[in-house]
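Welcome, and thanks for taking a look at this one with me. Please open the structure and keep it beside you while you read.

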Amino acid sequence: MAKILIVYYSRKGENYWNGGLKNISKGNTERVAEFIQETVGGDLFEVDTVKPYSESYMTCIEEAKAELRTDARPEIKSYPENFGDYDIIFVGYPNWWGTMPMCMFTLLEKYDFYGKTVIPFCTNEGSGMGSSERDLKKICKGAVLKKGLSVRGCEAENSKNKVADWAEKNI
């Protein structure tokens, strides 16, 4: 039986939500990650940056834009243990400026993906997967990259069935 890891970055607090700003107690990407785990099992790993992003959403997206423009690799607090033992890796993130937050690049560039299956998912308010699947293909050389799932952040809380159907079809 395949061993599954679900790695994700998620933003709690002030978020863009259906055309406005809203404070949420659990990040949208985290909700989707939990739905995946409930459906197919596996281990959850939340990526956390050493230097937190601003609590203000508007400031946070400017920080994210600056990281993208400089191709930054923000330091993260920890890495999944025994990464090499996993066969299937779900990779989740909010779509920031058309791709993954740069902290996901920090994490993923550390590992060898040869022979693994990578299954991306992202939350956004209408921008879809952006270029993240193309970016993942570059980072995860040697992996089978499955078609990603895009979930609108404002719909994440109620996306359990959609996420479950997609996750089951991809493992």
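Here are some numbered points to guide a first tour.

1. A word on the source: this is a predicted model. Everything below should be read as a description of that prediction.

2. Start with the overall fold. The protein chain contains five helices and eight strands. Along the principal axes, its C-alpha trace spans about 45 × 35 × 25 Å.

3. Next, consider how the chain folds back on itself. Of the contacts between residues at least 6 apart in sequence, 77% link residues at least 24 apart. Of the 171 residues, 51% count as buried.

4. Now look inside. In soluble globular proteins, nonpolar side chains tend to be buried together. Here the largest nonpolar core has 30 residues, and Val91 and Met104 have the most contacts inside it. At least two core residues come from each of β1 (4–8), α2 (57–69), β5 (88–94), α3 (102–108), β6 (117–124) and α4 (132–139). Helix α3 gives the most, with six residues. A second, separate core has 18 residues, including Ile88, Phe90, Ala156 and Val163.

5. Which residues does Met104 contact, leaving aside neighbours within four places in sequence? They are Val7, Tyr8, Tyr9, Val47, Val91, Gly92 and Tyr93.

6. Is Lys65 buried or exposed? Its relative accessibility is 19%, and the cut-off for buried is under 20%, so Lys65 counts as buried. The C-alpha atoms of Lys65 and Met102 are separated by 9.5 Å, while the two residues are 37 apart along the chain.

7. Two backbone angles are worth checking. Most residues other than glycine have a negative phi. Asp71, in the loop between α2 and β5, has a positive phi near 55°. Trp97, in the loop between β5 and α3, also has a positive phi, of about 60°.

8. Finally, visit Glu125, in the loop between β6 and α4. Glu125 and Trp17 are 108 residues apart in sequence, yet their C-alpha atoms are 7.0 Å apart in space. Not counting residues up to four places away in sequence, Glu125 touches Tyr16, Trp17 and Asn18, as well as Arg152, Gly153 and Cys154.

Terms used. Residues are numbered from 1 along each chain as its sequence is written. This is a predicted model: local features need pLDDT of at least 70, side-chain atom pairs count only at pLDDT 80 or more; totals for chains, interfaces and linings use all residues. Side-chain values use heavy atoms; hydrogens and water are left out. A nonpolar core is a set of buried Ala, Val, Leu, Ile, Met, Phe, Trp, Tyr and Cys residues joined through side-chain atoms within 4.5 Å. Buried means under 20% relative accessible area, exposed over 50%, partly exposed in between (1.4 Å probe, protein chains only). Helices (H or I, at least four residues) and strands (E, at least two) are DSSP runs, numbered from the N terminus. Contact means heavy atoms within 4.5 Å.
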